[in-house]
Amino acid sequence: GINAEYMEAGVSTQSTWEYGGRVEALMDRFRETEEFVFDISTGDKQTRLSEISVELQKLVGEVVEKVGDLDTGGSSPLARKSAKAKPVDRARLAYWQGKAAFADYTVADNEKALKLSEEKLTEAVKLDPRILDGWNTLGEVYWKMKELQQAQWCFEGSLDQGDSKIAMVLLSKLLRVKPGENGQKPTKAAIERSLDIAKRAVKLDLKDGELWFSLGNAYLHLFFNYSGDRQHMQKCLSAYTQAKKAVVHNYQCHPDLHFNRGTVTPLGELKIGDNKGQCVYAKFLACISREAPIILLIMDGTGTCIPVSIYNCNISLIPPCHVGYDVIITDPLVKPVEFRANGSDVHYRSIHVTNIKSITIDDKSILADKTRTGTKTS
């Protein structure tokens, strides 16, 4: 470990490398606050991040003062001894300096700090390529600099050294946004690779909501950009559901998840006719008719309600429904309904479902091979 190797080099672990755990804890706290704290106001969150950043820079500064900047050396006995340290240890200090600088940039949008972060993290991974988060953060630095190919190489460099959940999340995301040739949208191959990486990541930790969210995003991009396959949208929303149930990094209140679910077509924007390649995500409100066609009432996030008529199916095949259950419909067919009642003309739109593979309720599909069974409805 770091402390053992420094002892071999004659550097006091008691006075210097005892800082290591505190530095790493602060770096973790900064990321957790930035990515997963949403129960406070934006201003309070920014203040909290700033406080962590200041504390991190102060702590790393104390380490540098004791050891001496490893780029320039130092006059203290400890600094002279540190020059004998193994590259892995010199790399760790450069990594800490780079992380502290990146936190400073994140809080203050300090371009000078971003450049310092690039220099220190580059030094760190050259000295010790095994520092996975050094590669990951360097990739984020290049991403901020809009050098996307460099960022991709860094995330791939991290994965060359070993499995890293963060590297997989970042690389999967980058492949979904990095333009293809001539500045066009990402290629289908890139999106499919993004999906493969997201699947690998989930297998590393089934309890981590960040990994499920990444997987859902990969399916979402594949659906809207290339496939239009309803199964991809269903898998997307199922992954989002897992992200909301996760033990670690729970996405129940994460705004990005709710924004991405909102990228599906709002009910109020559905045109009359066949909406190929579109998807509706809504909540179950009530079952209006249990006879054929079965009619459900659903409502989306905008508060728009619409009835859904399900054909070629009987009520016994519909999963038990409770108010608030997720209802997902791909390729929705919208038809106008007009009739006269009590002397008034009634007009509204309805979604007609004739292919029951296109609808899921509470992440459960209706089994096609059990349709038209003649089962008596209750």
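At what angle do helix H10 (residues 165-177) and helix H11 (residues 188-204) pack, and how far apart are their axes? In this predicted model, the two helices pack at an angle of about 160 degrees, and their axes are 8 Å apart. Because angles over 145 degrees count as roughly antiparallel, H10 is roughly antiparallel to H11. The crossing of H10 and H11 is left-handed. On the H10 side, the contact involves Lys 165, Met 168, Leu 171, Ser 172, Leu 175 and Arg 176. These residues meet a set in H11 that includes Ala 190, Ile 191, Arg 193, Ser 194, Ile 197 and Leu 204. By class, the residues of the contact of H10 with H11 comprise 9 nonpolar, 2 polar and 4 charged.

Helix H11 also packs against H12. The axes of H11 and H12 come within 8 Å and cross at roughly 160 degrees, which makes H11 roughly antiparallel to H12. The crossing of H11 and H12 is left-handed. Among the H11 residues that make this contact are Lys 188, Ile 191, Glu 192, Ser 194, Leu 195 and Val 202; H12 contributes residues including Leu 211, Trp 212, Leu 215, Tyr 219, His 221 and Tyr 226. The residues of the contact of H11 with H12 divide into 12 nonpolar, 3 polar and 3 charged. Ile 191 and Ser 194 of H11 take part in the contact with H10 and also in the contact with H12.

A search of the whole structure returned 7 aromatic pairs. One of them, formed by Phe 213 and Tyr 240, is tilted, with a centre-to-centre distance of 5.7 Å and 35 degrees between the planes. This pair links distant parts of the chain, since Phe 213 belongs to helix H12 (residues 209-227) and Tyr 240 to helix H13 (residues 230-245), 27 residues apart.

Two features of the backbone were found in loops between strands. The peptide bond from Ala 292 to Pro 293 is cis, with omega near -10 degrees; Pro 293 lies in the loop between strand E2 (279-289) and strand E3 (294-299). Asp 331, in the loop between strand E5 (326-330) and strand E6 (333-341), has a positive phi near 50 degrees. Most residues other than glycine have a negative phi, and most peptide bonds are trans.

The average pLDDT of the protein is 82, and 83% of the residues score at least 70. Residues 1-15 have a pLDDT below 50, and this stretch has 30 contacts in the model beyond near neighbours in sequence. Residues 368-378 likewise have a pLDDT below 50, with 17 such contacts. Where pLDDT is low, the predicted coordinates should not be read in detail.

Definitions and conventions:
Residues are numbered from 1 along each chain as its sequence is written. This is a predicted model: local features need pLDDT of at least 70, side-chain atom pairs count only at pLDDT 80 or more; totals for chains, interfaces and linings use all residues. Side-chain values use heavy atoms; hydrogens and water are left out. Axes are lines fitted to C-alpha atoms, for helices over the stretch in contact, and angles run from 0 to 180 degrees between N-to-C directions. Helices (H or I, at least four residues) and strands (E, at least two) are DSSP runs, numbered from the N terminus. Angles under 35 degrees count as roughly parallel, over 145 as roughly antiparallel, 65 to 115 as roughly perpendicular and the rest as oblique. A crossing is left-handed if the near helix is turned anticlockwise from the far one by less than a right angle, and right-handed if clockwise. Contact means heavy atoms within 4.5 Å. Ala, Val, Leu, Ile, Met, Phe, Trp, Tyr, Cys and Pro count as nonpolar, Asp, Glu, Lys and Arg as charged, and the others, Gly among them, as polar. pLDDT is the predictor's confidence in each residue, from 0 to 100. Rings of Phe, Tyr and Trp (its six-membered ring) pair if their centres lie within 6.5 Å; planes under 30 degrees apart count as stacked, over 60 as edge-to-face and the rest as tilted.
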